[in-house]
Amino acid sequence: MNDYLKLILICLLPLVGCADQPYEITSVCIRDNIGNYILKWETNPPMEGTMRFYVADTPGSFDMSQPAGYADIKDEVTTYITQDNLKRKFFRLTFNGHHPQDIAARYTLMDSIQNFRDVGGYKNIKGKEIKWGEIYRSGFIGKYTDRDSTRISDAGIKTIIDLRTEEEVKENPLFFPHIRIVHIPIPAGDRAEILQRMENNKFRSRDGFLFMEDVYIKFVTQNTEDFAQILQLFVDESNYPILVQDDLGKDRTGYLISLVMMLLDIPYETIVKDYMESNQYINPLFMSNKAKSLSWDAQEAMTTMLAVNESYLEAAYNEINRKYGSFKEFRREGLLFSTKNKEKLKDMLLE
């Protein structure tokens, strides 16, 4: 090798050494039992340096001139202490000034509302994330306290999609000031009949599984037109942020949210993960007065009815594949959701 080529190689070596190394970074935010935010992250390969984080009251409105805190990247965890348990916080993490990650606590602890969650932050097959603060899901919100009302108002929700039946609405009317409520009833089985069978000790845990799987199959065979109507609300930008709710926010809401996520090309495994989180955020104690008079078998059946199971959602998607051949054909023929609307939905909700 002549001296000229050696000189070129010597000049290029520093440039090669300084090239950005590709990192895979995952981060998550949860709240502890007193309301503080715990920020966790992992980098692959391991990274050294400083993690700085920034805080905002609304998504994307971060003041990047002053970090709210920092930590050694190798610590993989830090805590943001807050004195305000009402106002929700959003966070942007940076790693040595690069690789920004926007995160928030998905679950919001409410006084009188079950299973209130943000659907943001999930990644699709191309690495794009659902925007935070655009779609929420929950159980019935009508018995909100003043603090619950403040949390919902601060979320800026413009549209509530109420999936409860006419009978449920009559028993527990829903009104929330300054928010549009769209009521599209989706049946979820005759719960009064099931409760009567439990009281007569004629309904056991296995019956509960079969009943719930049948409910999900009927979502496809009997309610596809209803869900198609609901999904059109998601392609109207003026409706956002949207809250989807039913009695517990787990079955009708869970299936609908799964359809929205499928349209956004979120992996099915991620959809199941979000679906199954209802088991963490539904407190079965609200049924304790009814359950204590039931037999042990009936109590197990009630526990089955108050939870979600992967087999329920799988029953719906198996029916979709059986009837339509694929989700793509179901989208086109069943949901009548055009490719144009799918791309519009992705443009609105992914970043």
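The legends below walk through several close-up views of this predicted model.

Residues are numbered from 1 along each chain as its sequence is written, and side-chain values use heavy atoms, with hydrogens and water left out. Because the model is predicted, local features need pLDDT of at least 70 and side-chain atom pairs count only at pLDDT 80 or more, while totals for chains, interfaces and linings use all residues.

**View 1. The whole chain, to get your bearings.**
The chain holds 14 helices and twelve strands. Here helices (H or I, at least four residues) and strands (E, at least two) are DSSP runs, numbered from the N terminus. The C-alpha trace spans about 95 × 50 × 40 Å along its principal axes. Of the 351 residues, 47% are buried; buried means under 20% relative accessible area, exposed over 50%, and partly exposed in between, with a 1.4 Å probe and protein chains only. Among contacts (heavy atoms within 4.5 Å) with a separation of 6 or more, 69% join residues 24 or more positions apart.

**View 2. An open sheet of three strands.**
Follow the strands in the order β1-β2-β5: they form an open sheet with antiparallel pairing. Two strands pair if DSSP finds at least two bridges between them. At the edges lie β1 (24–31) and β5 (77–80), each pairing on one side only. Neighbouring strands of this sheet are turned by 20° against each other on average, direction ignored. Strand β2 (residues 37–44) is joined to β5 by four bridges in the antiparallel sense, and lysine 40 stands opposite valine 77 in β5.

**View 3. Strand β3 and its partners β4 and β6.**
Strand β3 (residues 50–56) pairs with β4 over four bridges, in the antiparallel sense. Look for threonine 50, which stands opposite aspartate 72 in β4. Strand β6 (residues 90–95) also runs antiparallel to β3, joined by six bridges; here leucine 93 is the bridge partner of phenylalanine 53. Strand β4 (residues 69–72) has two faces: Gly69 and Ala71 are on the covered one, Tyr70 and Asp72 on the uncovered one.

**View 4. Helices α6 and α7 crossing.**
Two packed helices are described by the angle between their axes and the distance between the axes. For helix α6 (residues 224–232) and helix α7 (residues 252–263), the axes come within 11 Å and cross at roughly 60°. Axes are lines fitted to C-alpha atoms, for helices over the stretch in contact, and angles run from 0 to 180 degrees between N-to-C directions. The two helices are therefore oblique to each other, since angles under 35 degrees count as roughly parallel, over 145 as roughly antiparallel, 65 to 115 as roughly perpendicular and the rest as oblique. From α6, Phe227, Ile230 and Leu231 meet Arg252, Tyr255, Leu256, Leu259, Val260 and Leu263 of α7. These residues divide into eight nonpolar, no polar and one charged; Ala, Val, Leu, Ile, Met, Phe, Trp, Tyr, Cys and Pro count as nonpolar, Asp, Glu, Lys and Arg as charged, and the others, Gly among them, as polar.

**View 5. Threonine 165 in its loop.**
Threonine 165 sits in the loop between β10 (159–162) and α3 (166–171). Its relative accessibility is 15%, so threonine 165 counts as buried. Not counting residues up to four places away in sequence, threonine 165 touches His183, Pro185, Ile186, Pro187 and Arg252.

**View 6. Alanine 192 on helix α4.**
Alanine 192 belongs to helix α4 (residues 191–199). With a relative accessible area of 60%, alanine 192 is exposed. Alanine 192 and valine 55 are 47 Å apart in space, C-alpha to C-alpha, and 137 residues apart in sequence.
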